[in-house]
Amino acid sequence: MEGEFPASSSSCTVQVPPEVAWLDTCQRLLPLWTSFSLSHRSAVPITISRVNQIDAARLDVEMSAMLKEQLVKVFSLMKPGMLFQYEPELDAFLEFLIWRFSIWVDKPTPGNALMNLRYRDEQRTEVRAKVRIGLEGPGLTLAQKIWYCIATVGGQYFWARLQSFSAFRRLGDSGQRSSIQRMSILLQRLEGLYKVASFSNLLLFLYTGKYRSLIERALRAGLVYGSPNMNRSVSFEYMNRQLVWNEFSEMLLLLLPLLNSSSVKNLFHPFSKDKSADSANDETVCPICQKSPTIPFVALPCRHRYCYYCLRTRCSAAPSFCCAWCNEPVTAMQRQGGPFRHRNSKQLSSQ
């Protein structure tokens, strides 16, 4: 028994692994664990700027208006008013062109492209398991594209054409049949419900930042950034110019009432008219009111002719009043053919 024990113990001896074996195993299993955790990670919460989405919608409207303006110029030589009756059809045609060359071919609309946005099918994105940066996801399906066209192009055209008929707003006012009155009331209620639903969707959009319109919410068509490293393509230079101009205009409105118009006019008068040409009109009209003086007075020492009221008010308003013709300071005034009167005398002050 004692002789066999060492042999059995040597046969059951386990080889000790090296000290760095656990490091090799950890490095080998770490990539597998990383891929496993990423495959089960949920969608990354990412917020799309609400300002970008609203600006994109506004830019689409402006683009459609620009295209419409250019198209109307083509028919400028035709009979006036002829194109007005086909305005809903023209708007629907332009909206269809924008849809055809943007959403139908999986491209963003002009406004979305400027704001670095694109449409994504949110329903299929939630089913996908692997999400990396939160901007992945397929575009709209064929059915979503068709329904988007029907809702935007067809729906807007139908409503615009319905509103173009003058009887739509006055069906219930004239003594029409009860069926027509009920239809008018039904249409008005539908319009009211649509406005309430649009307002509710706006509140939800401001709270969640998704689905800026009822059509997008019904189709589950969300907006995400097209490129994660691209900034907005809209400049604020125009807005800055508007702010500067508004401040400048407010400053002018504040300062202009404080300025003396006659002084400003006299300041620029030597650069605007020729004195030789002015001297020919000295005896005909008053240089202030541009009329023939009813009570003619002359300014001293230049002796240019004025109306008494015009000359008197200018001298009272500006102690350093200068002649409107020769820009020489007026020290006194005299009635034409009458006695001399100093401009600062008490006699003039009492008049």
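Modeller: The account below takes the helix pair and then its salt bridges. This is a predicted model, in which local features need pLDDT of at least 70 and side-chain atom pairs count only at pLDDT 80 or more, while totals for chains, interfaces and linings use all residues. Residues are numbered from 1 along each chain as its sequence is written, and side-chain values use heavy atoms, with hydrogens and water left out.

Helices α3 (residues 50–74) and α4 (residues 87–100) have axes that come within 10 Å and cross at roughly 125 degrees; helices here are DSSP runs of H or I with at least four residues, numbered from the N terminus, and axes are lines fitted to C-alpha atoms over the stretch in contact, with angles from 0 to 180 degrees between N-to-C directions. On the α3 side, the contact (heavy atoms within 4.5 Å) is made by Ser64, Leu67, Lys68, Leu71 and Val72, and on the α4 side by Glu87, Leu90, Asp91, Leu94, Glu95 and Ile98.

Asp91 and Lys68 also form a salt bridge, at 3.3 Å from N to O, a salt bridge being a side-chain nitrogen of Lys or Arg within 4 Å of a carboxyl oxygen of Asp or Glu. Because Asp91 belongs to α4 and Lys68 to α3, this pair ties together parts that are 23 residues apart in sequence. Asp91 has a relative accessible area of 29% and is partly exposed, that is, between buried (under 20%) and exposed (over 50%), with a 1.4 Å probe and protein chains only. Through shared partners, salt bridges join Lys68, Glu87 and Asp91 into one network.

Technical notes:
Helix = DSSP H or I, 4+ residues; strand = E, 2+ residues; numbered from the N terminus.
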